[in-house]
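Work through the exercises below with the sequence and the model at hand. Each task is followed by a solution in steps.

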Amino acid sequence: MPWHIAALQQLINGLALGSVYALIALGYTMVYGIIKLINFAHGDIYMLGAYFGFYAITMLKLSLVPAMLVSMAAAALVGVLLERIAYRPLRSSSRIAVLITAIGASLLFQSTAQLVFGASFKPFPQALPFRRIQLGPVFITNRQLLIFGVAVLLMVLLHLIVNYTKVGKAMRAVAIDKEAALLMGVNIDRIISATFALGSALAAAAGILVGMYYNRIDPYMGMMPGLKAFVAAVLGGIGIVPGAVVGGLLMGVAENLVVTIGSSTLRDAVAFAVLIVVLLFRPNGLLGKKGIEKV
Amino acid sequence: MSRSNKLKAMFVCVSLIFMLAVPSLAQGDTIKIGLISSLTGSVSTYGQSVRNAVTMAIDDINAAGGINGRQINLVILDDKGDGTEAAQAARRLIDRENVALILGPVITPAVMAVAPIAQSAGIPMLTPTGTGDQITTVGDFIFRGAYKDSFQGRIMAQFAIENLGLKEAAIIYDVANDYSVGLREAFKSTFEELGGKIIAEESYSTGDTDFSAQLTSLAMRNPQALFIPDYYSTAGPILMQARLMGMDSVMLGVDGWDSPDLSALAGGFEEGGYIVNHYSADVDSQVTQDFIAQYTAKFGQAPDALAALGYDGVLIVAKALEAAGSTDPEALKQALGTVGNIEAATGTINMDPEGTPIKSAVILKITGGKWELVDRIDPIGR
């Protein structure tokens, strides 16, 4: 395989990985946009989503799509409960208190998952046959196609919800000015719950896609992708929905290209180096500018 | 000290008294042995196999009247395959349980966390399964029941060149794991010594799940063979991702691949791979076949190499305790380094004062989902 074709192949791999980062990053960015909280437990919701999918397929004997829907619904519920129980009582406290609570919630999820699901690595039930589609000199696996398809579908859905529904309008209103939205009769608590539900459902979908793609899930699988998706959200401009998508794709591609060009040992380091460089030149992220509309 | 702290301190004191008192009441004249095993975590099938086999072997010894008339009392702790947890377990076994000897831990990184503790406390320790070369260099109280990584890396390289006729190979390994790094070095140096060429190398870190970038780079070079020195939980996904990427290289592995979970994690793509291992169920020895029959009857599944090594670890320790005639650490240490002619599940074992037994290895091939014996290699010196 010549060099430029390998790079093209890495681009495809990078976009697949990047789509997963983007799906997780959307949850970070939506929650941040609306309550200015970095929800550090978000990566663990992604992990829970993978396990929910695992049990929906193995125990409820569902096929892939219904299993994904069940898992997204369950994760949405966990997200809503997390906000209701852990974050809402602290809403008027300092931001650092909520942030620390989020880190605590993350550890709680990991330990509980280890207790309930077991600490062993689980192979994910492979509900799809393995296929490889040749596109000229490069190829794409049906799992990568699934990731692209689901990611694009969910992003379009999210776009429609945020821009064209009443809930979406209310979300944008709360993001711009919470007090003014309240005065206009927006039920802020319900809108915040809806935001957590949406973000968590997206993360759960990402969890299942990754389970299918890499065939391995474990209680700590949310840590690194969670961190990288957070970086992706900041990279794109935290609080800005399209920014999360751009940031996620960029991170995925950068990581994969580094391996082609340089050393695989540098892979994780590069993801964070990209962040530092971008923030030096654009402190508000790639798509960030002052006074932008946030969700 | 606040009031609640006082209460806590009292609670700790009381529980310590109980912990010290209860064993001495129940102990009578028993020999206490601690087992540190990875019962959960990323290499849980290893730890469970070892635990099963060790308890089975010790039950047999106790049922037959014990060692020099003394029963063995086994304390089992889980290290989750983690160095920090393993070190804590070791401290507990030495400081609180007062064990005569530590069996375990199972994987090299955990063993390396425990070995210095056992050495400085002067408690003999035998890891039935740890293969990292550096383990036995920690000190004279540290022993193992398995071959070294330099041995198995060399065997695999030799087999690849001499038996499979390969000329070039690629390697993908975990930079953050001593076991993987050690094997890569041994394989690479022998492969090149024998005239082969390593055409590409890629690495990753413990816990990674996405290997597509590294594998795409390797696939670009189209290597005849790919050496994957890692545990089943990582080797499995790598095998699957490599095959899906269209790599048709011969896959070469190590003892870490041996797990009932490998096939599920590799999605069936492990088929056709070769590994070096400690034992094969096809070996025609009475001890091996008896062990397989007993283990299968008791646990409902055939033993893997980890189980066989766990079983043999107990046989070595039992023979040493018998020879030493007491649990005195010095005497036990001497005995562990000199016992020999032990007919065990993985073959005949002769211990060496440097801590590593002299015994044979086997090459297995995965054919139709089963490990098939391809070759048996006797030790070259040590």
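**Exercise 1: the interface of chains A and B**

The contact between the chains takes 29 residues from chain A and 28 residues from chain B, where two residues are in contact if their C-beta atoms, placed from the backbone, lie within 7 Å. This is a predicted model, in which local features need pLDDT of at least 70 and side-chain atom pairs count only at pLDDT 80 or more, while totals for chains, interfaces and linings use all residues. Residues are numbered from 1 along each chain as its sequence is written, and chains are lettered from A and ligands numbered from 1 in the order in which they are written.

Task: state which elements supply at least two residues of the side of chain A that touches chain B, and divide that side by class.

Solution. 
1. The elements are helix H1 (3-35), strand S2 (138-141) and helix H10 (241-261) of chain A; helices (H or I, at least four residues) and strands (E, at least two) are DSSP runs, numbered from the N terminus.
2. H1(A) gives the largest share, five residues.
3. By class, this side of chain A has twelve nonpolar, twelve polar and five charged residues. Ala, Val, Leu, Ile, Met, Phe, Trp, Tyr, Cys and Pro count as nonpolar, Asp, Glu, Lys and Arg as charged, and the others, Gly among them, as polar.

**Exercise 2: two helices of chain A**

Task: determine how H5(A) and H8(A) are oriented to each other, and which residues meet.

Solution. 
1. The axes of helix H5 (residues 142-164) and helix H8 (residues 188-214) of chain A come within 10 Å and cross at roughly 175°. Axes are lines fitted to C-alpha atoms, for helices over the stretch in contact, and angles run from 0 to 180 degrees between N-to-C directions.
2. H5(A) and H8(A) are therefore roughly antiparallel, the term for angles over 145 degrees.
3. From H5(A), A:Arg143, A:Leu146, A:Ile147, A:Val150, A:Leu154 and A:Leu158 meet A:Leu198, A:Leu202, A:Ala205, A:Leu209, A:Met212 and A:Tyr213 of H8(A).
4. The residues of this contact divide into eleven nonpolar, no polar and one charged.

**Exercise 3: confidence in chain B**

Task: find where in chain B the pLDDT is below 50.

Solution. 
1. The pLDDT is below 50 over residues 20-27 of chain B, a stretch with one contact in the model beyond near neighbours in sequence.
2. Where pLDDT is low, the predicted coordinates should not be read in detail.

Conventions
pLDDT = per-residue confidence, 0-100. Parallel < 35°, antiparallel > 145°, perpendicular 65-115°, else oblique.
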